[in-house]
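The tour below goes from one selection to the next and says what is found at each stop.

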Amino acid sequence: MYIAIGSSKKFAEEEHRMRDEGRSGCPINATIEVIGDRWTLLVLRDVMFGNRRYFRELLAGSEEGIASNILSDRLKRLVAAGLLSRADARPGQKAEYRLTEPAIQLVPIMAQLGSWGLRHRPTTKQLRVRAELLEAGGSELWAEFMDELRESHLAIPRPDHGGPSATERLARAYEEAMAEA
């Protein structure tokens with residue numbers, strides 16, 4: 001019995017070390033360890049592109065039907081990994097989640113994932129429209145969108161790009177696709 005407890009404790013310590021240090025020094029592995037499961041990426045997607053900042057908004061707005069326990073776990077992991085910040089809420093108030101700079105820098109990766117999905121996976125017109133717009137707009141649109149996220153999540157004023165914002169263009173394209181459906 002003592003050996004099992006000792007082994008279990010040793011296993012837990014090793015798992016904790018791996019979480020902090022990673023399994024290897026490989027940058028791809030280090031990234032995958034933080035954002036490598038589908039729910040984590042989908043939560044980030046919904047905060048980035050859906051402007052959902054509260055637990056209930058994320059739960060109710062999930063296209064894929066995330067379970068509340070999984071959402072809670074992923075939000076905790078994203079805060080611990082430094083990709084989201086969580087505003088402390090007083091009793092009776094909702095906690096707000098905001099993107100951090102490292103999360104905002106994932107926009108080009110999310111855009112590339114969307115582009116890959118457009119070419120290689122079946123999608124619906126309504127849900128592919130933002131990926132199409134991001135692909136067509138390229139790095140210029142991504143940079144503009146990242147500036148807007150910095151303004152809304154980090155309170156860093158954005159440069160005026162003139163015309164409708166990237167967020168407005170993405171929202172309009174999505175609304176038009178939904179109206180056609």
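Helices here are DSSP runs of H or I with at least four residues, numbered from the N terminus. By that rule, Asp 46 belongs to helix α3. The model is predicted.

**Whole chain**

Before zooming in, show the whole protein as a cartoon. It contains nine helices and two strands, and along the sequence they come in the pattern α-α-α-α-α-β-β-α-α-α-α. Of the 181 residues, 31% count as buried. Among contacts with a separation of 6 or more, 52% are between residues 24 or more positions apart.

**Helix α3 against helix α5**

Select residues 38-50, which are helix α3, and residues 68-80, which are helix α5. The two helices pack at an angle of about 80 degrees, and their axes are 10 Å apart. Angles of 65 to 115 degrees count as roughly perpendicular, so α3 is roughly perpendicular to α5.

Now show side chains. From α3, pick Trp 39, Thr 40, Val 43 and Leu 44; they meet Ile 70, Leu 71, Arg 74, Leu 75 and Leu 78 of α5. By type, the residues of this contact are seven nonpolar, one polar and one charged.

**Helix α3 against helix α7**

How far apart are the axes of α3 and α7? They are 11 Å apart, and the packing angle is about 110 degrees. This pair is therefore also described as roughly perpendicular.

On the α3 side, select Leu 41, Leu 44, Arg 45, Met 48 and Phe 49; on the α7 side, select Val 107, Met 110 and Leu 113. The residues of this contact divide into seven nonpolar, no polar and one charged.

**Asp 46**

Stay on α3 and centre on Asp 46. Is Asp 46 buried or exposed? Its relative accessibility is 7%, and the cut-off for buried is under 20%, so Asp 46 counts as buried. Its side chain makes a polar contact of 2.8 Å with the side chain of Arg 45. Setting aside neighbours within four places in sequence, Asp 46 touches Asn 51, Arg 52, Leu 58 and Ser 62.

**Ser 62**

From Asp 46, move across to Ser 62, one of its contacts. Ser 62 sits in the loop between α4 (55-60) and α5. With a relative accessible area of 13%, Ser 62 is buried. Beyond neighbours within four places in sequence, Ser 62 is in contact with Asp 46 and Arg 52.

**Thr 123**

Thr 123 counts as partly exposed, at 39% relative accessibility. Apart from neighbours within four places in sequence, its contacts are Gly 117 and Arg 128. Show the side chains of Thr 123 and Arg 128 to see the polar contact of 2.7 Å that joins them.

How values were computed. Residues numbered from 1 in each chain as written. Predicted model: local features only at pLDDT ≥ 70, side-chain atom pairs only at ≥ 80, totals over all residues. Heavy atoms only, no water. Axes fitted to C-alpha atoms, helices over the stretch in contact; angles between N-to-C directions. Parallel < 35°, antiparallel > 145°, perpendicular 65-115°, else oblique. Contact = heavy atoms within 4.5 Å. Nonpolar A, V, L, I, M, F, W, Y, C, P; charged D, E, K, R; others polar. Buried < 20%, exposed > 50% of the residue type's maximum accessible area, 1.4 Å probe, protein only. Polar contact = N/O pair within 3.5 Å; in protein donor to acceptor, adjacent residues only side chain to side chain.
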